[in-house]
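This briefing sets out selected features of one protein chain, grouped by topic. Please read it alongside the sequence and the structure shown here.

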Amino acid sequence: MNGIGTLYGIGVGPGDPELLTLKAARVLKTVAVVFAASSSKNDHSIAQAIVAPHLRPGAAITRLPFPMTRDRAALDAAWQANAAAMADVLAAGRDAAFITLGDPLLYSTFGYILPPPSVAHAGPPDRHHPGNHLVSGGSRPHRDPPGRGRRKICWWLRAWTRPDRLERALAAADNAVILKTYRRFPELRQLLVTLDLARGTTFVTRLGLPGEAVERDLERAPEAPPYLSLCLVKRPKE
C-alpha cells in the first residue's frame with residue numbers, strides 16, 4: 001500500500017489541445033489513471049480526445065457515464081457509482097485525474113462527485129487546476145472585447161432556462177455570453193429577435209476544433225447546434 005492517491009480535477013479548456021495550462025499538461029503526464037465523463041448514451045468523450053496528446057504512455061482511461069436526465073434518483077445513483085469507482089483507484093495509492101471541458105469548478109460534472117465540505121477531510125486529497133474557458137476565445141470574432149471599458153457583462157450559462165428569467169438577465173447587461181445553446185436553440189433565437197438583440201448576436205460553435213464555425217446571422221445558425229456552442233450578445237448602442 002502506497003497510501004491514498006490524489007485526485008486532480010483538470011479543466012481541459014474549450015477544445016484546442018494547445019489551450020491546456022502548463023500545470024494541467026504536467027499533471028496529465030504523471031497520473032496513472034484518467035477519468036473522463038461522458039453521456040451514458042454514447043461511448044466517447046470530447047475531453048478525452050482533447051487531452052490525448054498530453055497523456056503519459058500506458059495511462060489507464062476510464063469513462064464515467066453521467067446520464068442526461070432530471071431524474072434525481074438516477075443522477076444520485078450515477079454520481080455515487082462514479083465517486084466509488086474513483087475512490088477504489090485512489091485507495092490503492094494511485095494518483096488520478098478527472099478531466100472536464102472548460103473549468104472543473106464551473107458547471108462541471110466534477111463538482112457532483114466531490115464530497116461535501118463537512119466530510120471532505122475524511123476522503124482522499126484533491127487538487128483543482130482551472131482550465132481556459134470558451135468565453136474569451138469566443139469573443140474573438142467580434143474584435144471588440146465584451147468587457148471593454150465600463151460595459152456590464154452577463155454570463156448566463158443555461159440557455160434553456162425560463163425565458164422570463166433570461167430576458168431579465170439580458171436587460172441588465174450591456175453584453176452577454178450565453179453558453180450551452182445546443183438545447184432549445186430555436187426558442188433562444190426567437191427571444192433574441194423579440195428583444196431586438198439578434199442583429200448584435202454572434203453564434204460560435206466548436207471553437208478550436210474541426211468544424212469550427214462563426215455565424216453573425218442567427219437565421220443561418222443550425223436548428224440543433226453542436227454541444228460546444230455559444231452566443232455572444234452585444235446590445236446596440238443607444
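A residue is called buried when its relative accessible area is under 20%, exposed when it is over 50%, and partly exposed in between. By that criterion, buried residues make up 43% of the 238 residues in the protein chain. The model is a predicted one. It contains 8 helices and 10 strands. Of the contacts in the chain with a separation of 6 or more, 70% are between residues 24 or more positions apart.

**Packing of helix 7 and helix 8**

- Helix 7 spans residues 163–171 and helix 8 spans residues 185–194; the two pack at an angle of about 45°, and their axes are 11 Å apart.
- Angles under 35 degrees count as roughly parallel and those of 65 to 115 as roughly perpendicular, and helix 7 and helix 8 are therefore oblique to each other.
- The crossing of helix 7 with helix 8 is right-handed.
- Helix 7 contributes Pro163, Leu166, Glu167 and Leu170 to this contact, while helix 8 contributes Leu188, Leu191 and Leu192.
- By residue class, the contact of helix 7 with helix 8 comprises 6 nonpolar residues, no polar residues and 1 charged residue.

**Pro186 in helix 8**

- Pro186 also belongs to helix 8, and its relative accessibility of 31% makes it partly exposed.
- Pro186 and Ala224 are 38 residues apart along the chain, and their C-alpha atoms are separated by 8.1 Å.

**Two threonines of strand 8**

- Strand 8 covers residues 201–205 and includes Thr201; Thr205 lies in strand 8 as well.
- Thr201 has a relative accessible area of 1% and is therefore buried.
- A polar atom of the Thr201 side chain lies 2.7 Å from the backbone oxygen of Leu197.
- Beyond residues up to four places away in sequence, Thr201 touches Leu192, Glu215, Arg216, Leu218, Cys231, Leu232 and Val233.
- Thr205 counts as buried because its relative accessibility is 4%.
- The side chain of Thr205 has a polar atom 3.2 Å from the backbone oxygen of Leu228, and a polar contact of 2.8 Å joins the side chains of Thr205 and Ser229.
- With neighbours within four places in sequence set aside, Thr205 is in contact with Gly211, Glu212, Ala213, Pro226, Leu228 and Ser229.

**Positive phi in loop residues**

- Lys180 is not a glycine, yet it has a positive phi of about 55°.
- Lys180 is located in the loop between strand 7 (175–179) and helix 8.
- The relative accessibility of Lys180 is 19%, so this residue counts as buried, the cut-off being under 20%.
- Asp196, a residue other than glycine, likewise has a positive phi, with a value near 60°.
- Asp196 is placed in the loop between helix 8 and strand 8.
- With a relative accessible area of 43%, Asp196 is partly exposed.

**Arg235 after strand 10**

- Arg235 lies in the segment after strand 10 (229–234).
- Arg235 counts as partly exposed, its relative accessibility being 28%.
- Although Arg235 and Asp196 are 39 residues apart in sequence, the distance between them in space is 8.6 Å, C-alpha to C-alpha.
- The Arg235 side chain reaches the backbone oxygen of Leu170 at 2.6 Å.
- Not counting residues up to four places away in sequence, Arg235 touches Leu170, Ala171, Ala173, Asp174, Asn175 and Leu197. Leu197 is also the residue whose backbone oxygen lies 2.7 Å from a polar side-chain atom of Thr201.

**Asp88 in helix 3**

- Asp88 is found in helix 3, which runs over residues 72–91.
- Asp88 is exposed, with a relative accessible area of 58%.
- Asp88 and Gly5 are separated by 83 residues in sequence and by 9.8 Å in space, C-alpha to C-alpha.

Key:
Residues numbered from 1 in each chain as written. Predicted model: local features only at pLDDT ≥ 70, side-chain atom pairs only at ≥ 80, totals over all residues. Heavy atoms only, no water. Axes fitted to C-alpha atoms, helices over the stretch in contact; angles between N-to-C directions. Helix = DSSP H or I, 4+ residues; strand = E, 2+ residues; numbered from the N terminus. Parallel < 35°, antiparallel > 145°, perpendicular 65-115°, else oblique. Left-handed = near helix turned anticlockwise from the far one by under 90°. Contact = heavy atoms within 4.5 Å. Nonpolar A, V, L, I, M, F, W, Y, C, P; charged D, E, K, R; others polar. Buried < 20%, exposed > 50% of the residue type's maximum accessible area, 1.4 Å probe, protein only. Polar contact = N/O pair within 3.5 Å; in protein donor to acceptor, adjacent residues only side chain to side chain.
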